[in-house]
Amino acid sequence: MCGIVGYIGKKQAAPILLDGLSKLEYRGYDSAGLAVRDGEKDPVVVKAKGRLKDLSDKTAEGTTVFGCCGIGHTRWATHGEPSENNAHPHVSDGMNVVGVHNGIIENYQELKAKMIRKGYSFYSDTDTEVAIKTVDYYYRKYGVGPIDALAKTMVRVRGSYALAVMFKDYPGEIFVARKDSPMIIGLGEDETYVASDVPAILKYTRKVYYIGNLEMARLSAGQVTFYNLDGDTVEKPLTEITWDAEAAEKGGYEHFMMKEIHEQPKAILDTINSVVRFADGTASDGRTVAGKASIDLSSVGLTDEEIRKFRQIHIVACGSAYHVGIAAQYVIEDLAGVPVRVELGSEFRYRTLLLDPDDLVVIISQSGETADSLAALRESKEKGVRTLAIVNVVGSSIAREADYVFYTMAGPEIAVATTKAYSAQLVSCYILGIQFGLVRGTLSQEKADRLIQELSTLPGKIARILEDKERLQWFASKLSPAHDIFFLGRGLDYAICMEGSLKMKEISYVHSEAYAGGELKHGTISLIEEGTPVIGVLTQKDLIEKTISNMVEVGSRGAYLMGLTTNGNFSIEDQADFTYYIPRTDEHFTPSLAVVPLQLLGYYVACARGLDVDKPRNLAKSVTVE
Ligand code: F6R
């Protein structure tokens with residue numbers, strides 16, 4: 001997502017900031033900025049929308065901005081459109097506090113209202129400006145030092161942040177605070193660096209401190225002091241980075257795809273947190289913590305009245321996003337009782353559309369730029385039908401043109417094969433299903449509460465699957481010589497099979513197909529021969545026996561069988577050569593868990609075949625042509 005770099009030392013800061021930010025470009029961003037201080041003078045703030053090169057050009061590669069202390073930022077828009085105004089650094093009045101921020105301040109609206117009551121005004125749409133002005137407020141109000149002001153802010157802020165701040169009264173120093181968003185501090189000869197990720201500073205130093213969660217630090221040239229929330233100092237070990245620069249950008253993973261597979265718990269959690277409101281509670285240490293949950297789609301723009309009126313939903317998408325749509329169809333129809341049609345973007349636009357003004361067209365797209373999905377959106381709007389976009393990239397064409405936008409919070413996805421965006425899209429659809437069900441009266445409040453609680457367990461359950469990935473690596477080594485792999489399932493399991501099959505074929509180049517179990521006899525079974533791998537997905541209680549029968553049918557014709565099922569379904573082991581168990585969850589949500597082993601299988605088969613996992617042949621990340 002966003003990137004942070006900071007520097008204090010004897011060299012000019014701006015060129016170092018620009019260079020460090022360039023190493024974080026791979027994360028994706030839409031604007032950039034820096035603030036540099038020359039001694040006691042006020043910081044000079046420069047920002048640019050678009051590429052980092054624009055910021056570099058504006059400052060003649062940093063040479064027109066003088067000073068040896070500064071902070072820089074690349075922004076991936078979450079609150080407010082990509083623009084120079086919303087770009088970081090953000091400042092309080094008189095440049096008293098100037099800062100950059102990664103993460104999301106969940107209760108920013110509430111804090112903003114409070115700051116407005118205290119006489120503050122706001123020039124941007126960002127949660128970051130709210131955070132900076134909150135720090136300023138506590139700094140001025142209590143006449144305390146920067147660390148106390150940061151601590152007071154931290155107990156009032158909910159969400160995730162890596163914050164790097166300069167105070168007018170403290171020239172030559174940077175203060176940082178962190179919760180659930182990465183941040184490291186690097187130490188050189190009489191110089192100190194701060195960054196959101198190792199590659200930004202690897203060229204300058206390999207000696208780093210890892211600042212802990214809910215901790216702060218005071219940085220000056222060559223010196224760092226760490227503090228906990230009580231303002232007590234904390235000792236930290238200095239660590240030596242041994243990775244090469246290329247590996248560091250991938251956070252130590254060999255490929256972006258593996259990194260992104262591991263980012264799924266966070267992508268899901270951030271997406272849930274963007275629309276699920278937790279009533280505030282107060283912890284024993286005074287911190288604000290989450291209580292009972294409810295869904296609030298006001299950021300999407302959907303009102304209960306509108307939700308009640310929709311006659312039918314048409315989900316339109318391409319590729320993996322279409323597979324999300326197939327799963328969503330089962331979930332939304334079951335929870336909310338609204339008829340759902342799922343259409344491929346490329347087909348939707350070329351047939352007679354029987355759309356009703358009371359219908360809702362839902363476009364699902366990671367990039368928000370897929371040509372066929374965009375065309376479907378435009379055509380629906382022309383027909384006077386309301387459109388809802390489930391999109392990852394803020395400010396993308398689909399997000400701009402849709403009537404309602406539900407942003408997935410997956411962050412930038414670099415690997416061509418989608419993983420974390422797919423997972424965030426799935427969760428968005430579950431949330432829509434629950435809220436539609438609740439508002440339209442097909443779900444009781446009690447059931448909805450239970451489903452929301454269960455949703456919030458998914459990140460932890462995915463993390464457990466990821467801890468057990470070596471078993472899949474072993475099984476993938478058996479699959480890698482295959483010419484064809486088949487995926488079998490029924491109902492929601494069929495939807496998972498479609499995504500598992502696409503993951504397999506697009507990166508490993510092994511032909512694969514997903515089949516609804518009942519379709520086997522209508523043709524596919526003739527393809528099964530001795531040793532053909534068949535992966536059965538069995539997560540839906542009422543359908544397990546049916547899919548087992550299908551596995552027996554292909555097993556007796558020589559298929560090599562894997563069963564993917566939920567904990568407790570041990571009978572699968574009687575049929576399968578290899579069984580993989582996922583944690584139990586509500587059956588509507590099993591796609592979120594079952595897809596992870598299938599992503600890993602595709603990944604490991606591609607690696608075993610020595611392929612370029614992140615950039616499969618002939619494919620582009622964003623398909624902007626028909
Ligand atoms: C497969 C994959 C593609 C995309 C499809 C739609 O791993 O990534 O199938 O899902 O091209 O792209 P978006 O979601 O950007 O519209």
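Student: Which residues point one way from β7, and which point the other way?

Tutor: G159, Y161, L163, V165 and F167 point one way, while S160, A162, A164 and M166 point the other way, and all are buried. Buried means under 20% relative accessible area, exposed means over 50%, and partly exposed is in between (1.4 Å probe, protein chains only). In a regular strand the side chains alternate between the two faces of the sheet.

Student: What kind of model is this?

Tutor: This is a predicted model, where local features need pLDDT of at least 70, side-chain atom pairs count only at pLDDT 80 or more, and totals for chains, interfaces and linings use all residues. Residues are numbered from 1 along each chain as its sequence is written, and side-chain values use heavy atoms, with hydrogens and water left out.

Student: Back to β7. Why is it largely enclosed by the rest of the structure?

Tutor: Nine of the nine residues of β7 (residues 159-167) are buried, so the strand is largely enclosed. Strands (E, at least two residues) and helices (H or I, at least four) are DSSP runs, numbered from the N terminus.

Student: Which way does β6 run against β7, parallel or antiparallel?

Tutor: Antiparallel: nine bridges join β6 (residues 97-105) to β7. Two strands pair if DSSP finds at least two bridges between them. Across this pairing, V98 stands opposite M166 in β7.

Student: And how many bridges join β7 to β8?

Tutor: Four, and β7 and β8 (residues 174-179) also run antiparallel. Here A164 stands opposite V176 in β8. The two strands form a hairpin with six residues between them, and G172 in the turn has a positive phi of about 75°.

Student: I clicked on A177. Is that buried or exposed?

Tutor: A177 is in strand β8, and its relative accessibility is 0%, so it counts as buried. Leaving aside neighbours within four places in sequence, A177 is in contact (heavy atoms within 4.5 Å) with residues including Y161, A162 and L163. L229 is 52 residues from A177 in sequence and 9.7 Å from it in space, C-alpha to C-alpha.

Student: Where is S92?

Tutor: S92 is in the loop between β5 (90-91) and β6. With 2% relative accessibility, S92 counts as buried. Its contacts, apart from neighbours within four places in sequence, are V97, I132, K133 and D136.

Student: New topic. What order do the strands have in the open sheet of five?

Tutor: The order is β19-β18-β20-β21-β22, with parallel pairing. The edge strands, each pairing on one side only, are β19 (340-344) and β22 (404-407). β21 (residues 386-391) pairs with β22 over four bridges, and V391 stands opposite Y407 in β22.

Student: Which strands does helix α14 lie across?

Tutor: α14 (residues 420-440) lies across β18, β20, β21 and β22, running at about 140° to β21. Axes are lines fitted to C-alpha atoms, for helices over the stretch in contact, and angles run from 0 to 180 degrees between N-to-C directions.

Student: How far apart are the axes of α10 and α14?

Tutor: The axes are 9 Å apart, and α10 (residues 319-336) packs with α14 at an angle of about 20°. The two helices are therefore roughly parallel. Angles under 35 degrees count as roughly parallel, over 145 as roughly antiparallel, 65 to 115 as roughly perpendicular and the rest as oblique.

Student: Which residues meet there?

Tutor: Among them are A327, A328 and V331 in α10, and C429, Y430 and G433 in α14.
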